[in-house]
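Thanks for making the time this morning.

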Amino acid sequence: MGFLDHLQCFTAFSTPKEKLRPKQTVNVRVKMDCEACVRRVTNAVENLEGVESVDVNQKLQRVTVTGFVDQKEVVEEIKSTGKVADVWPFVPYNLVTYPYVSGAYDIKAPTGFVRNVPQALGDPKSPEMKLMRLFDDDNPNGCSVM
């Protein structure tokens, strides 16, 4: 250990810190027909920096990526493989108050899913929602008939 090794402590340049990304789960709809498509998409996404896990569901045509990644980067990386990809536009059927409102029900949606549209979600201050909440099991002050 010489003098030059200690010199770098005094002359270190401060590099600008990258913006830290929060850990998130990104769901992407990808048209995949065969195992080769699944393998190509998986390999492309696994090479991204910050990816912790990749789950590909060929039946639902969905790729779930977990890690410190950006949603746009994941979609662009999948598109670079030649596949058609966009953000997952569906929510589970049981989480929506009005699943058959116009725009929510989609015949192309996987079984058990509807489109995520604002009209399908109920207004929490509406009388209907208050009555539904009154008899909800999660409401500690709700009515219980035994």
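Predicted model: local features only at pLDDT ≥ 70, side-chain atom pairs only at ≥ 80, totals over all residues.

Let me begin with C34, which counts as partly exposed because its relative accessibility is 33%, where buried means under 20% relative accessible area, exposed over 50% and partly exposed in between, with a 1.4 Å probe and protein chains only. Residues are numbered from 1 along each chain as its sequence is written, and side-chain values use heavy atoms, with hydrogens and water left out.

C37, by contrast, counts as buried, because its relative accessibility is 6%. How far is the sulfur of C37 from the closest cysteine sulfur? The distance is 3.4 Å, to the sulfur of C34, which is too far for a bond, since a disulfide is taken as a pair of cysteine sulfur atoms within 2.5 Å. By that rule the count of disulfides is zero.

Now to the helix itself, α2, which takes in residues 35-46, helices being DSSP runs of H or I of at least four residues, and strands runs of E of at least two, numbered from the N terminus. The buried residues of α2 are C37, V38, V41, T42, A44 and V45. They lie on the same side of α2, because they cover an arc of only 165 degrees around the axis, taken from the directions from the helix axis to the C-beta atoms. On the other side of α2, E35 and R39 are exposed.

Terms used. Expected span 1.5 Å × (residues − 1).
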